[in-house]
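Here's a quick report on one model. Take a look at it first, then read on.

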Amino acid sequence: MNANAKSILIIGGGIAGITAAVDAAEVGYQVILVEKEAYLGGRVMQMHRYFPKMCPPTCGFEINVRRIKQNPRITVHTLASVEEISGEPGNFKAKVKIDPRYVTGVHAIDDSIAEQLQSERPNDFNYAMENTKALYLPHDMAYPPMYVLDREILSDTDVERLKHICPADTIDMEMMAKTLEIEVGSVIIATGWKPYDTTNLDSLGGGQFQNVISNVMLERLIAPGGPTQGKIVRSSDDQKPGNIAFVQCAGSRDENHLAYCSAVCCMASLKHVRYIREQYESAKITVFYIDIRTIGREEKFYYDLLEDENVSFIKGKVAKINEDASTKNLILDVEDTVSGETLHQNFDMVVLATGMVPNGIDFELPIDLPVDDYGFLIGEASAEGIYSVGCAKRPCDVSRSTKDSTAAALKAIQQLNRGD
Ligand SMILES: Cc1cc2nc3c(=O)[nH]c(=O)nc-3n(C[C@H](O)[C@H](O)[C@H](O)COP(=O)(O)OP(=O)(O)OC[C@H]3O[C@@H](n4cnc5c(N)ncnc54)[C@H](O)[C@@H]3O)c2cc1C
């Protein structure tokens with residue numbers, strides 16, 4: 001190891017960023033991990049379980065948190081973003097802005113304090129299907145395990161209330177953003193993805209009909225920490241849905257929306273079908289698809305469900321979803337491409353399997369890092385010293401994201417050692 005080597009800056013603390021961080025730090029390199037949210041873990045933390053093993057995200061996450069905590073070479077900044085990077089490979093300068101959390105961490109806070117506030121904000125972790133108090137723990141497994149105060153929405157009454165109910169140095173309402181200037185030798189970009197906005201899908205009732213939800217929302221509905229404490233129910237009447245439709249490629253492989261395949265949506269829906277079948281033994285499920293894309297050993301995930309008499313697969317693109325105003329049921333117009341029939345089928349609930357959109361980077365790089373037509377960064381070696389991983393690079397699953405990260409950690413280390 002080069003004793004003079006500079007640190008590695010990793011932007012994005014999802015599974016890809018975390019993996020690169022622990023891999024590089026555990027072979028002796030200094031890492032600065034910058035995450036814009038108040039917690040590490042990214043989108044995987046919002047899953048109920050993840051394929052192929054169907055374990056809860058907490059399994060792998062707990063191990064990673066232990067590795068981070070035990071390793072003094074990793075510095076984590078949450079609520080942080082990179083404002084600027086300048087310099088050249090092996091010798092970059094970066095400005096990292098850390099937003100105030102307003103919670104000092106000196107004394108423990110718990111929900112009994114938060115519950116006394118009136119100001120509320122949408123719970124982003126649960127895709128705004130419910131609100132949280134302005135003082136909130138982002139989720140049960142949040143790391144760092146610290147509350148955050150949304151100072152901007154706090155009413156004057158709540159400001160006074162907090163002053164009375166919290167020990168004096170628990171909350172610092174005057175906490176300011178700070179900017180750090182750091183020197184690093186390599187940069188790994190792991191900024192990940194966001195779900196495609198369903199309100200763009202007018203013909204499928206996205207954002208219009210209460211019982212049309214997206215795949216990521218379903219992950220939160222089934223999660224014990226979700227808005228319904230793990231019950232899959234219709235938002236219109238809190239009733240359990242008896243028959244549910246999945247619309248695959250909702251806005252994907254479509255020039256008007258996302259022209260590409262997001263690679264995981266078929267597997268995600270097959271996982272969701274299993275969730276529903278476990279919770280409601282009698283539920284009937286229909287999956288409308290163009291092609292089912294599962295690869296390698298994952299095909300078994302699909303073939304097993306073909307045996308299930310409560311699950312039907314219909315090859316056909318859903319053209320239109322209408323709502324029955326009195327029942328809030330959904331009527332789907334679909335052309336069955338195998339039989340040639342036009343179907344009009346009625347469902348209690350519809351899940352739109354939407355794809356992944358790159359978060360993109362919102363800072364200038366000193367090096368031209370090309371992006372493809374959709375905003376994904378191209379290739380890990382597209383620029384010396386700056387490497388992209390995981391869903392910042394293309395839509396992919398966790399296993400592919402982590403493989404990228406280990407490879408990028410090695411490339412970042414090689415860059416630090418060039419010129420010895
Ligand atoms: C419905 C659905 C279900 C899925 N289920 C599974 C599954 O069961 N199994 C599986 O293997 N895969 C699954 N996936 C895919 C999985 O979510 C991705 O593989 C994984 O999230 C990729 O991790 P990542 O770290 O690249 O990105 P992310 O998880 O998006 O993490 C990126 C991190 O970067 C942060 N960030 C973004 N921009 C910035 C910035 N400018 N500065 C600092 N930080 C920033 C974000 O806040 C986030 O924490 C699913 C995907 C979908 C759509």
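In what order do the 5 strands of the open sheet run? The order is 12-19-13-14-15, with parallel pairing; two strands pair if DSSP finds at least two bridges between them. Strand 12 (212-214) and strand 15 (311-315) sit at the edges with a single partner strand each, so one side of each has no neighbour in the sheet. On average, neighbouring strands here are turned by 20° against each other, direction ignored.

Before going further, this is a predicted model: local features need pLDDT of at least 70, side-chain atom pairs count only at pLDDT 80 or more, and totals for chains, interfaces and linings use all residues. Numbering starts from 1 along each chain as its sequence is written.

Strand 12 pairs with strand 19 (residues 349-352) in the parallel sense over 3 bridges, and Val 351 in strand 19 is the bridge partner of Ile 213. Helix 6 lies across strand 13 (243-247), strand 14 (284-289), strand 15 and strand 19, running at about 170° to strand 14. Angles run from 0 to 180 degrees between N-to-C directions, with axes fitted to C-alpha atoms, for helices over the stretch in contact; contact means C-beta atoms, placed from the backbone, within 7 Å.

Now the ligand. 38 residues surround it, the closest being Gly 12, Gly 14, Gly 42, Gly 192 and Gly 390 (C-beta atom, placed from the backbone, within 6 Å).

Conventions
Helices (H or I, at least four residues) and strands (E, at least two) are DSSP runs, numbered from the N terminus. Two residues are in contact if their C-beta atoms, placed from the backbone, lie within 7 Å.
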